Amino acid sequence: ANKLLQEVGGVPMLRRAVNAALASRCTSVLVVTGADSAAVQACLSGLELQLVHNPEHETGMASSLRRGLAALPADADAAVVLLADMPRIDGSHVDKLLAAFDPQQPKIVAPVRDGRRGNPILWPREFFARMQAVSGDKGARELLAEHAARIRTVDLDDAIHADVDTPDSLRALEDR
C-alpha cells in the first residue's frame, strides 16, 4: 500500500503534509505525484495547490525533486522541500524556516533538534541548478555537506525527525 495514503490521526499522511504547507506563509504549494497518481489526486481534492506528475518516480527521490524545482515560479526566492512521510510537521515548523530566511543574504535553512539536522529544508534559488543534478534516492544530502558553511539552523521540536519509513514506524507514531 502507498504509505503516503495511510492515515495518521484519521488524516492521510500526504494530506497532513500538504495541510502543513497550506497553513504556513508559503506563497504557493506544489505537490509532485508518482505512484498511485489518481489516488493521490483524490486524496488532495479540494485543496489549493499545483500538481506535477513524475513519470520517473521509481528512479528515486531525486527525480521528484527535479520535477518540482522545474515547476516552480520563475520569481521564487526559495523552496521549502517538505517530505510527505513526516506527519508531525505543521505550518508553524515551515513558518519558522521562512522567518529565518533572508533573501538579501540567502542561506539554506535547516531545522535541528539535539544537534541533529532534520526536515523540511528551505533552499535558496541559487542552489536549484545544483539540486537539478542530483540522482537516486538521496535527495540533496551531498549539497548540504558541501555547503555546510551556508546553512542557517533553526531549533525545532522532534517532529523534524519523525518520518515514517516502515509499517512499524507508522504504528509507533500512532501509538505515540
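**Figure 1. Strands β5 and β8 run antiparallel and are joined by four bridges.** The model is predicted; local features need pLDDT of at least 70 and side-chain atom pairs count only at pLDDT 80 or more, while totals for chains, interfaces and linings use all residues. Residues are numbered from 1 along each chain as its sequence is written, and side-chain values use heavy atoms, with hydrogens and water left out. Strand β5 covers residues 78-81 and β8 residues 121-124. Strands are DSSP runs of E, at least two residues long, and helices are runs of H or I of at least four residues, numbered from the N terminus. Two strands pair if DSSP finds at least two bridges between them. A79 stands opposite W123 in β8.

**Figure 2. Side chains of strand β8 point two ways.** I121 and W123 point one way, and L122 and P124 point the other way. In a regular strand the side chains alternate between the two faces of the sheet. All four of these β8 residues are buried, where buried means under 20% relative accessible area, exposed over 50%, and partly exposed in between (1.4 Å probe, protein chains only).

**Figure 3. Helix α7 spans residues 167-175 and has buried residues S169, L170 and L173.** Seen down the axis of α7, these buried residues fall within an arc of 105°, so they line one face of the helix. The arc is that of the directions from the helix axis to the C-beta atoms. The buried residues of α7 pack against β1 (7-8); contact means heavy atoms within 4.5 Å. P167, D168 and D175 are exposed, on the face of α7 turned away from its buried side.

**Figure 4. S63 is found in helix α3 (residues 61-70).** S63 counts as buried because its relative accessibility is 3%. A polar atom of the S63 side chain lies 3.1 Å from the backbone oxygen of E56. A polar contact is a pair of N or O atoms within 3.5 Å; within protein, one must be able to donate a hydrogen and the other to accept it, and residues adjacent in sequence count only if both atoms are side-chain atoms. Leaving aside neighbours within four places in sequence, S63 is in contact with N54, E56 and H57.

**Figure 5. The protein chain holds seven helices and nine strands.** Buried residues make up 40% of its 176 residues. The C-alpha atoms fill a box of roughly 40 × 35 × 30 Å, taken along the principal axes.
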